[in-house]
Amino acid sequence: MSVSVLSITRPLGSVSGLLQVASLLGLALLLLKAAQLYLRRQRLLKAVQEFPSPPSHWLFGHKQELQKEEELQLLLKWVENFPCACPRWLWGTEVDLLIYDPDYMKLILGRSDPKSEGSYRFMAPWIGYGLLLLNGQIWFQHRRMLTPAFHYDILKPYVGLMADSVQVMLDKWEELLSQNSSLEIFGHISLMTLDTIMKCAFSYQGNHQADRNSQSYLQAIRDLNNLVFSRIRNVFYQKDIIYRLTPEGRLNHRACQLAHQHTDRVIKMRKAQLQEEGELDKVRSKRHLDFLDILLFAQRENGNSFSDKDLRAEVDTFMFEGHDTTASGISWILYALATHPEHQQRCREEVQSLLGDGASITWDHLDQMPYTTMCIKEALRLYPPVPAVGRELSKPITFPDGRSLPKVMRSGSRSGFQVARGCTWAPQVFDPSRFAPDSSRHSHAFLPFSGGPRNCIGKQFAMNEMKVAVALTLLHFELAPDPFRVPVPFPRIVLKSKNGIHLHLRKLL
């Protein structure tokens, strides 16, 4: 009997001992991790000690303050109270330095620091490592390869394609006016800019504004904008292995699949077209190639160094950036003009003097709209399509006022809200005269397309499309705001409105 008791108690004793050892190891690891986080927070506090900021919680950072009121309005208050730059704590061990002084911006953007790994990497499953996410020599090679796609000789014939896409949208608006004078414009403009980029950069024919595939792609992009931004702000979603198991992670994966199906279809169709008899030689004889054709020919010539993955990353990147940022810009420009009817009318008169006889808008017209261009830039100052760009310092930096940051400190360079709305310009006032030809301003006080060597490669394309869309819209409609649905700007990867952008439209005879 005693033997059987011993045989039972020995295993129980060994199990109990193992549990105690496991508990002690777990406690030791927990204490070690807590010590690591504490030391990390102390290092970050020391790194930003020269930059005052609003009080932050040791664990939640500034999250509670950002939830109490609209984030952009809160950041504008910080700009007034904390000159040049301000730390923003995402949580206790994660901080960005928000920069909104032009001299600071010039210094940061003029360097070759990589994109901030902490936030941009979350876009990689969506757009891959194309121009937006690449760094170093590979980025330089891709930038040099794609620059010819934005040569003036390439951009000139695009104006007619842009005008055609805008006209399709305006015809649709005219039909919808019989149902309701108030219209949510962002969705329609997104379809139009996607239609434009497909025709211009990807040699894709047809009307995509009524295409169900385009609708699915745009919904995927809307979801990804929100999901990526939400992940950046969530301390529990930083690890890929955990994020994939969450409902948001699964939704992100599905949205990426939908976006990739769209771009894969575009690439496949263009490859098939180039296989047609004589088409390849015809395209090769062009002096300048379109965006997608440059990529396809690069792959033909350098298949080993330019893979299918590289090709799709560049297509995914420009498909997103080439339509979503421009759609945001056009939507907010039209809203700004709707809320300032005197400037709207002056722009309309300028456009009518050029196109009033029914002439089609051309490349030459784009430089003959100085006041409309001033209004476009002022709207972009107030509502920058990309509210922020990020860098991760590869070496220490000292700013003009003597303050400094150490290596690997992240700097969130604000591309419009803080830089352009600084104290030297009345921030809330819509004043196009800031951009009059004889006005003076700091070279980095207005950066709707970022700045330095990593500025937006498609900035001229985007400005052209904005001018075409604004000019033709003002010819056809008088715009007024909807007082019951005032848009609420909120920052995602691209600036959006929480409740859409609703305008009243009146057809002009």
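A charge is taken to sit over an aromatic ring if NZ of Lys or CZ of Arg lies within 6 Å of the ring centre and within 35 degrees of the ring normal. In the present model, which is predicted, the charged end of Arg 231 is placed over the ring of Tyr 243, at 4.2 Å from the ring centre. A further such contact involves Arg 346, whose charged end sits over the ring of Tyr 371, 3.8 Å from its centre.

Contacts between aromatic rings were also examined, and the structure holds 16 aromatic pairs. Among them is the edge-to-face pair of Phe 51 and Phe 399, with 6.2 Å from centre to centre and 90° between the planes. This pair links distant parts of the chain, 348 residues apart: Phe 51 belongs to the loop between helix 1 and helix 2, and Phe 399 to the loop between strand 5 and strand 6. Both Phe 51 and Phe 399 are buried.

The ring centres of Phe 202 and Phe 291 are 5.8 Å apart and the planes meet at 85°, so this pair is edge-to-face. Because Phe 202 lies in the loop between helix 9 and helix 10 while Phe 291 lies in helix 14, the pair ties together parts 89 residues apart in sequence. Phe 202 is buried, at a relative accessible area of 1%, and Phe 291 is likewise buried, at 4%. Ring pairs join Phe 202 and Phe 291 with Phe 150, Tyr 158, Phe 318 and Phe 461 in a cluster.

On the surface, a nonpolar patch is formed by Leu 27, Leu 30 and Leu 31, which together have about 320 Å² of accessible area. Leu 27 is located in helix 1 (residues 2-47) and is partly exposed, with a relative accessible area of 45%.

Conventions: Residues are numbered from 1 along each chain as its sequence is written. This is a predicted model: local features need pLDDT of at least 70, side-chain atom pairs count only at pLDDT 80 or more; totals for chains, interfaces and linings use all residues. Side-chain values use heavy atoms; hydrogens and water are left out. Patches are made of residues with over 30% relative accessible area and no salt bridge: like charges are joined within 9 Å, nonpolar side chains (Val, Leu, Ile, Met, Phe, Trp, Tyr) within 5 Å. Accessible areas come from the Shrake-Rupley method with a 1.4 Å probe; for residues, only the protein chains shown count as cover. A salt bridge is a side-chain nitrogen of Lys or Arg within 4 Å of a carboxyl oxygen of Asp or Glu. Helices (H or I, at least four residues) and strands (E, at least two) are DSSP runs, numbered from the N terminus. Buried means under 20% relative accessible area, exposed over 50%, partly exposed in between (1.4 Å probe, protein chains only). Rings of Phe, Tyr and Trp (its six-membered ring) pair if their centres lie within 6.5 Å; planes under 30 degrees apart count as stacked, over 60 as edge-to-face and the rest as tilted.
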